[in-house]
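Please consult the structure alongside the text.

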Amino acid sequence: LKLQFLYLIGESFCSSKATMGRGFTIFSGLVSVVATLVFDSFHIVNEGYVAVYWRGGALLPDTAGPGLHVKLPFLDRYEEVLVITQTDSVSRIPCGTSGGVTVNFAKIEVVNRLRIDKVAETIRDYGIHYDKLWVFDKIHHEINQFCSKHTLHEVYIEKFDVLDEMLAKKLQDDCDKNNIGISILAVRVTKPEIPQTIKDTFVALEESKQNMLLKTEQLKLQERESEMALSKARAAAEKAQKVREIELNTLILEENKKREMAKIEDVMRSERVRSEADAEAYRVRILAEAEALRLTDSKLKEILYTSIANSTKMYFGENIPKMFASFADGMR
């Protein structure tokens, strides 16, 4: 009995241990599945990007901005799309000019940005690598079009300074025409590589052109200096002429002033002489009037008789009394 009891106890212990092992395995599997589902559900979108989602292979219309987001595990997948300013570098672009010379642009950089409101539409129509079609391939096409219509001299020198603006306008016009949400901000073009012999010729031509420009500028400088000297001489002559005119006008004004002063003095002198003459005439008139008032008939007779009385000569004759009487009558 003891042996049977021990056997039963051992058998039940072994069966319990096997059951616990199977339960732990199932629990571990469930935890792994749940962890996998949770891990596949949550994802992070980095700053400067937006996420686009596919569910069962179909692109969803909604996008998600930076941060922590949730998706359906195993059914949804996502891709991050850059929506801040980026620079796409297109390297080694060969092209042939209208004269048949092959040149090679080492690198062309396109600074662009994808609009957030156009992300889902652009990805749906052109895929996650949309910039390959509208930037990289487009740059190749436009460069070859440009080279085929222009000579080597135009590509390398004359029109090179406007090539970046032309490419930026072409790219933006095509994006706007096809309703692509790409904004072309700038294009930077490196100088194309040309055969060394042609490059040496261009360098010589440029040096000759620069020498001609230098001589032309020197001639222009000399002409400007001559014009400045002539202008200074003309200004000095005009200034001297104005000074002489001012001095002459000053002399004329002084002479006129002297003549005016002389006229004034003559008038004052005439007025003074006239005043003196008038005063003298008035004095004489007053004296005459006073004398006339003083020399009355009786006064005159008195003076006459006094004068005769005081005379030291004696006159004799019968007409002497008549003479004095007629004289008195004349005075009367």
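## Basis of the description

A residue is called buried when its relative accessible area is under 20%, exposed when that area is over 50%, and partly exposed in between. The model is predicted. By this definition C147 is buried, because its relative accessibility is 0%.

## The disulfide

The count of disulfides is one. The bond joins C95 and C147, whose sulfur atoms lie 2.2 Å apart. The angle about the S-S bond is -45°, and the link of C95 and C147 is left-handed. C95 belongs to strand β6 (residues 86-96) and C147 to helix α3 (residues 130-148), so the pair ties together parts that are 52 residues apart in sequence.

C95 is buried, with a relative accessible area of 3%. C175 is also a buried residue, at 0% relative accessibility.

## Helix α3

A kink of about 35° is centred on K138 in α3.

K138 is itself among the buried residues of the helix. In general, an α-helix has 3.6 residues a turn, so residues three or four places apart point the same way.

## Aromatic pairs

The structure has two aromatic pairs. In one of them, the ring centres of Y53 and Y78 are 6.2 Å apart and the planes meet at 40°, so the pair is tilted. This pair links distant parts of the chain: Y53 is in strand β2 (residues 49-55) and Y78 in strand β5 (residues 76-82), 25 residues apart. Y53 is buried at a relative accessible area of 8%, whereas Y78 is partly exposed at 27%.

Y126 and W134 form an edge-to-face pair, with 5.3 Å from centre to centre and 85° between the planes. Y126 is partly exposed, its relative accessible area being 28%.

## Charges over rings

Which residue lies over the face of W54? R77 takes this position, at 4.1 Å from the ring centre. K191 lies over the face of F160, at 4.3 Å from the ring centre.

How values were computed: Residues numbered from 1 in each chain as written. Predicted model: local features only at pLDDT ≥ 70, side-chain atom pairs only at ≥ 80, totals over all residues. Heavy atoms only, no water. Disulfide = S-S within 2.5 Å. Helix = DSSP H or I, 4+ residues; strand = E, 2+ residues; numbered from the N terminus. Buried < 20%, exposed > 50% of the residue type's maximum accessible area, 1.4 Å probe, protein only. Bend = angle between axes of the 7 residues up to and from the residue. Phe/Tyr/Trp six-rings, centres within 6.5 Å; stacked < 30°, edge-to-face > 60°. Lys NZ or Arg CZ within 6 Å of the ring centre and 35° of its normal.
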